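Thanks for passing this one along. Here are my notes, written so that you can follow them with the structure open beside you.

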Amino acid sequence: MVLNNALETTMVELSQAIISQIKQSTRFRTILIRLDKTIRKIEPVFRSSGRLSLLLNHPETETKMFVFYVEYGKQVVLKCSKIKCWNVYKKFVHANRLIRLDNELVRFFQVELRDEMSTSMRSLIEIYALNEKMDRVLSLVNKRAGGFTSVCSVPGLPDFVIGLDLHLQEVKRVLLKDDNQVVTVSAPGGCGKTTLAKMLCHDDEIKGTFGENIFYVTVSRTTSLKTIVQKLLAHYLNVKHCEFQTDEEAKNQLENMMRKMGSKNILLVLDDVWSESESIIQDLKFPIPGYKILVTSRFLFSRFGSTYELGLLNDEDARTLFCDSAFPYNGNHVNVPNDLVNKMVKCCKGFPLALTVIGASLCGQGVVKWRSTLKKWSEGQSIFDSNSRLLLSLRSSVDELGDFSIARNCFLDLGSFPEDEKIAASALMDIWIELYNLDDEGMYTSEYLLELSSRNLLNLVLARKDASELEGYCSEHCVTQHDLLRELAIHMSSQDPIDQRNRMLIEINGNNVPAWWIQQLQQPIVARLLSITTDEAFSCNWYDLNAPNVQALVLNVQSQIYTLPHFIKKMNFLKVLNITGYGPYPSKLHEFASISSAVNLKRLRLEHVSLSLIHSIFALKNLKKLSFIMCEIGDAFESISTTSLPMLPNLMELEIDRCYDLKQIPEELCSLVRLNKLSVTNCHELNALPKGLGSLSNLEILRLHSCTRLVKLPKSIGYLKNLSFLDISDCLSISALPDEIGELNGLRVLKMSGCRGLEDLPDSVTNLVLLEDVICDEETSYLWNNVESDDMCDLKINIVEDDRFASFMKIVG
């Protein structure tokens, strides 16, 4: 009774807090209204103590925890009106706290709401686990601030590893003592081969033997020998461009490099090698003393002497790994009988990936769900009889998302991107926003990323900086996914007949177009998402494709020269176009003018491609977001001045990142009247901004992070009256800020850590009366010591640790 009264009181206070914040806060109104609806549906329960005691089937300890959590939730709700509009990261985090609060309310009162609400159920335990997981990731990012790691560096270890210590000792013994140059670790996908290889590289004895000469390369199905050699030379010699006419030339260059290392031992790790790439292993063998090759693969390579077959986990380790995923809060499974846990672990047969994924899918679920899941796995349908059955069994973790849920569709969309490649979170968000009518700011798309991450269906990697510096940088996060889960997404997307699939995922090796494509030239397909992946041997001979309903087109390119498919002209409903080059050099795009016919295109992302004329982009009157990532710009922007077309009247976001040859931004871009966000980051050759920058009257966010040769800001910056967020961090060459910066009456955040050349601040900074946060390093903070203004009493100087200077100087050099 006492607990029921406490719960009722706490819920009433939460309801009152939600109502008050709906009136005060416009930033989270949609989520708050959703919370209010949830409260109203469960209100009859917590206002009736008798009904409450009958409906709530929770142990006393869990009820106490829930009361504590609701009290915390009330504080989260009351904080809504204090979150600033410019602080994108805090908005992102706060929104997800509100969403998780709503989900937890539904879970706790699920008996009452199971027929009324379709929102996914999550346990309080899962929320704690997610928070801990995010804390660990942020801590790791903080340690690696800057993010400029070499392409062949050894990746970090997972936070939790179980059952591989004995395997580690055995593989290490074989590697150090065996006369065979090549040692292969073989096992089905998801058994821990990659984790074991990482552990080996981080082992003190291995590091003592090979020192800094440990090279780690992930080998996908389409990786060529030349690509591997290019990566190795780039890693060791810091060479950006290495052209090889033949594989033999590439081999000779690599062997010469290794021989120049003298008597040093060398370890080359080739991770996830497919059977098609067996010849690459042979080509990388050289008669050099102390040179070893460690291969991980799903396949057995009989031609190489030493093969270590990685076994599955024993019962004890399997149970430990499963419980860590299913019961992340101290492994406590008091609500699930031991026999159910043991049966579920037994069904997983010691398979690490299955233990992790299936455990996560059952996290927070009731006993009924556990029993029904076991019932589905009837005798003869073991999840490990073969890889195909494993895929079908792992499907249950996706089915938990719901047949028609957006999260499920988001998971299936991950199959649109190549194997073993990081996927930019912003690229996924562009697709999801348009396909599923989500918010432009990405708040709900971020929710789905977290949802899939919490279920171990993907890995969300915060690619740069710690939490204190993440405002507005969600676009720099990336997603990775285990090969087996990617295959699961592709498998599930391919169950319907070809002409009835919602997403069409096509891989072309060489010029071998799928037979159905040639046979059904006149038959339209209904897919809304179309992904076409081609390898470096593709010669751009496109067959016609009748796909009138496509709204998102993903082109994954490996060839150095690539002609855009002509059937883009017939995609009248196309809203998102993503073209990404995955080869060693930017892919040169031909027939780029064909995109001008995509009159409904809203989001265009070009990554690692070489551009020449881009005037066709300016025919896209409905374009809202334009991204150039790692592009070779050349003289492309010069074509803008010759076009008579209007300057993208609806463009709201322009993103230019890591375009190494960009030196200037053309004045013509200053006529983008609706531009809200301008991000020009990591462009180390950029030396000037357009004088007319102040014409961007609607600009709210300006990011110039790590433009190391940018000398100054234009005086016209003072006309940006709506600018609330300015980032000039790591702009090493800026020696002074213009006096006009004091005219930025709406500026609330100024990020300026790493501005080593800045010697003083103009007196006009005292006019920045709305400035709330200056984020800087200790050296830059001294510049603010002499700033005295009664109108800036709320200003906070946030000092962040900055050890990235050496990394940036390497790039500049």
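This is a predicted model: local features need pLDDT of at least 70, side-chain atom pairs count only at pLDDT 80 or more; totals for chains, interfaces and linings use all residues.

The points below go through a sheet, the cores, some helices and the aromatic pairs, one topic at a time.

1. A word on the model first.

2. Let us begin with the five-stranded sheet. This sheet is open, its strands run in the order β2-β3-β4-β1-β5, and the pairing is parallel. At the edges sit β2 (214–218) and β5 (306–309), each of which pairs on one side only. From one strand to the next, the twist averages 15°.

3. Now look inside that sheet. β3 pairs in the parallel sense with strand β4 (residues 291–297), over five bridges. Across β2 and β3 lies helix α11 (residues 225–237), which runs at about 145° to β2.

4. D272 deserves a stop. You will find D272 in the loop between β3 (266–271) and α13 (278–283). Is D272 buried or exposed? Its relative accessible area is 8%, and the cut-off for buried is under 20%, so D272 counts as buried. Beyond its neighbours within four places in sequence, D272 is in contact with V219, T296, R298, E419, D420 and D483.

5. In soluble globular proteins, nonpolar side chains tend to be buried together. Here the largest nonpolar core has 98 residues, and I617, F628 and W784 are those with the most contacts inside it. Another core lies apart from it and has 80 residues, including L353, C410, A425 and L485.

6. What does W784 touch? Not counting residues up to four places away in sequence, W784 touches L750, M752, L761, V765, L771, V774, M792, L795 and I797. Two of these names, L750 and V774, come back in the next point as bridge partners.

7. Strand β23 (residues 773–776) is covered on both faces: D773 and I775 are buried on one side, V774 and C776 on the other. β23 pairs in the parallel sense with strand β22 (residues 749–751) over three bridges, and L750 has V774 as its bridge partner in β23. β23 also pairs in the parallel sense with strand β24 (residues 796–799), over four bridges. There, I775 has N798 of β24 as its bridge partner.

8. On to the helices. Helix α16 (residues 352–362) is mostly covered, with 10 of its 11 residues buried. Those buried residues are P352, L353, A354, L355, V357, I358, G359, A360, S361 and L362. After α16 comes G364, which has a positive phi near 80°.

9. On the α8 side, the contact is made by D165, H167, L168, V171, K172 and L175; on the α9 side, by L196, M199 and L200.

10. Finally, the aromatic rings. A pair of aromatic rings is described by the distance of the centres and the angle of the planes. The count of aromatic pairs comes to 11. One of them is the stacked pair of F327 and W370, at 5.6 Å centre to centre with 10° between the planes. This pair links distant parts of the chain, 43 residues apart: F327 is in the loop between α14 (315–326) and α15 (338–347), and W370 is in helix α17 (residues 367–376). F327 is buried at a relative accessible area of 6%, and W370 is buried at 0%.

11. W542 and F567 form an edge-to-face pair, at 5.8 Å centre to centre with 85° between the planes. W542 belongs to the loop between β10 (529–534) and β11 (552–557), and F567 to the loop between β12 (561–563) and β13 (576–581), 25 residues apart. W542 is buried, with a relative accessible area of 14%, and F567 counts as buried at 0% relative accessibility. Both rings belong to one aromatic cluster, formed by W516, W517, F538, W542, Y562 and F567.

Conventions
Residues are numbered from 1 along each chain as its sequence is written. Side-chain values use heavy atoms; hydrogens and water are left out. Helices (H or I, at least four residues) and strands (E, at least two) are DSSP runs, numbered from the N terminus. Buried means under 20% relative accessible area, exposed over 50%, partly exposed in between (1.4 Å probe, protein chains only). Contact means heavy atoms within 4.5 Å. A nonpolar core is a set of buried Ala, Val, Leu, Ile, Met, Phe, Trp, Tyr and Cys residues joined through side-chain atoms within 4.5 Å. Two strands pair if DSSP finds at least two bridges between them. Axes are lines fitted to C-alpha atoms, for helices over the stretch in contact, and angles run from 0 to 180 degrees between N-to-C directions. Rings of Phe, Tyr and Trp (its six-membered ring) pair if their centres lie within 6.5 Å; planes under 30 degrees apart count as stacked, over 60 as edge-to-face and the rest as tilted.
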